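Here is a friendly walk through a protein model for someone meeting it for the first time. Have the sequence and the 3D view open as you read.

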Amino acid sequence: MKDFKGYKKGVNLGGWLSQCKHTYEHYDSFITEADIEKIASWHTDHVRLPVDYNLLEDESGNVIEHGYSYIDNAVKWCKKYGLNLIIDLHKTAGYSFDKGENESGFFDNPALQERFMKLWERIAERYAVSDGTIAFELLNEVTEQRFSDTWNSIIKSCIERIRRYAPETVILVGGYWQNSPDSVPDLEAPYDDKVVYNFHCYDPMNFTHQGAYWVDGMDTAFRMSFDKCDPAVTAEFFMERFSRAAEAAEKNGTVLYCGEYGVIDNAEPKDVLKWFKAINAAFEKMNISRAAWNYKQMDFGLADSRMDGVRHELQKYL
């Protein structure tokens, strides 16, 4: 793959069907058709939709048919407003990037791995496309490097099974350390020519996560302006940061996608804008497709009222 067409600039819908209260009341109200229309007005071409397994199956693995209706709505609304869609499995039974979810055992348990693959078979059977309007992301943010070999094996087996239902659908895969660009070179060569390497970027963390209550060792009162970042955050800073991942992608005949990038709402909006300008310049120069985190709330909300003064300008740099 030489170009991830239709996925140049996107926005995440975090907090709707993932990292949320798994209730129908929440699903029905957090994101509506009006939100998809608004995202399309930002001159984006796609959304990344994080989905937890809790939406689609119960604790025993039984299918929750009604849960699929929310993905169905996302597909319908995106089609109406000319947006493509990435279905991102953000949490599977036995694994979440968030320790607070109390999911464990996935990488050591063949039964949980089989459940993961069966879930993907159901998703693939339902949402397979040949026109590029929907893509699949296997799993969000593998954490530990020690999972690398097992994860590569799971990727291969899972894609093989997905391909029985979705031979033409693009599939995104990321590495360890929460999809760090540093882990991309340890991903195995793509299963086929419709696999994209995925990474996330929140560098430098002391700026993008300033005051974050969930970051170990972070003072919740800490604040930092963009101009005080050390090293200076420039397009060149990000290009160097992504260089090894880009080399690995080129070597293996694929391209890069940055599935998450953004700045916490503790930062001043004018500083958020400066950061987006810098990382966008790198994305453009390196032809990296991407989706900003996050559309609303989740401590990173681009649609939140605090961003009103810079949002029009910020849309240019998503």
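Predicted model: local features only at pLDDT ≥ 70, side-chain atom pairs only at ≥ 80, totals over all residues.

**A covered strand and its partners**

Let's begin with strand S3, which runs over residues 84-92. How many of its nine residues are buried? The count is nine of nine, so to speak a mostly covered strand. On one side, strand S2 (residues 46-52) pairs with S3 in the parallel sense, over seven bridges. If you want a spot to look at, find Val51, which stands opposite Leu89 in S3. S3 also pairs with S5, again in the parallel sense, over four bridges. Here Ile87 stands opposite Phe136 in S5.

Strand S4 (residues 95-96) pairs with S3 in the antiparallel sense, over two bridges. Thr92 has Tyr95 in S4 as its bridge partner. S3 and S4 make a hairpin with two residues between them, and Gly94 in that turn has a positive phi of about 95 degrees.

**Helix H6 and what it packs against**

Next, pick out helix H6, residues 148-162. H6 has 15 residues and spans 21 Å from its first C-alpha to its last, close to the 21 Å expected at 1.5 Å a residue. Its buried residues include Trp151, Ile154, Ile155, Cys158 and Ile159, along with Ser148 and Arg161. What do the buried residues of H6 pack against? Their partners are helix H5 (110-127), strand S5 (134-137), strand S6 (171-174), helix H7 (176-179) and strand S7 (195-201).

Now for Asn294, found in the loop between strand S9 (289-292) and helix H11 (311-314). Is Asn294 buried or exposed? Its relative accessible area is 0%, so Asn294 counts as buried. Leaving aside neighbours within four places in sequence, Asn294 is in contact with Val11, Asn12, Leu13, Gly14, Phe300, Gly301 and Leu302. There is a backbone detail here too: a cis peptide bond joins Trp293 and Asn294, with omega about 10 degrees.

Asp271 sits in helix H10 (residues 269-286). With 3% relative accessibility, Asp271 counts as buried. The side chain of Asp271 reaches the backbone nitrogen of Phe226 at 3.3 Å. Apart from neighbours within four places in sequence, the contacts of Asp271 are Phe207, Met224, Ser225 and Phe226.

Another cis peptide bond joins Asp203 and Pro204, with omega about -15 degrees. Pro204 lies in the loop between S7 and helix H8 (205-208).

Asn179 has a positive phi of about 60 degrees although it is not a glycine. Asn179 is found in helix H7, and is buried at a relative accessible area of 1%. Asn287 is not a glycine either, yet has a positive phi of about 55 degrees. Look for Asn287 in the loop between H10 and S9, where it is partly exposed with a relative accessible area of 37%.

**Salt bridges**

Side chains of opposite charge can pair when their charged atoms come close. In this model the count comes to 24 salt bridges. Here are a few of them:

| Pair | Closest N and O atoms |
|---|---|
| Glu57 and Arg122 | 2.7 Å |
| Lys316 and Glu313 | 3.1 Å |
| Glu236 and Lys285 | 3.9 Å |

Lys285 is exposed, at 54% relative accessibility.

Glu57 is buried, with a relative accessible area of 2%, whereas Arg122 counts as partly exposed at 25%.

In the remaining pair of the table, Lys316 is partly exposed at 48%, and Glu313 is partly exposed at 26%. Finally, look for Arg48, Asp88, Glu137 and Glu260, which are linked in a network of salt bridges.

How values were computed:
Residues numbered from 1 in each chain as written. Heavy atoms only, no water. Expected span 1.5 Å × (residues − 1). Buried < 20%, exposed > 50% of the residue type's maximum accessible area, 1.4 Å probe, protein only. Contact = heavy atoms within 4.5 Å. Pairing = 2+ DSSP bridges. Polar contact = N/O pair within 3.5 Å; in protein donor to acceptor, adjacent residues only side chain to side chain. Salt bridge = Lys/Arg side-chain N within 4 Å of Asp/Glu carboxyl O.
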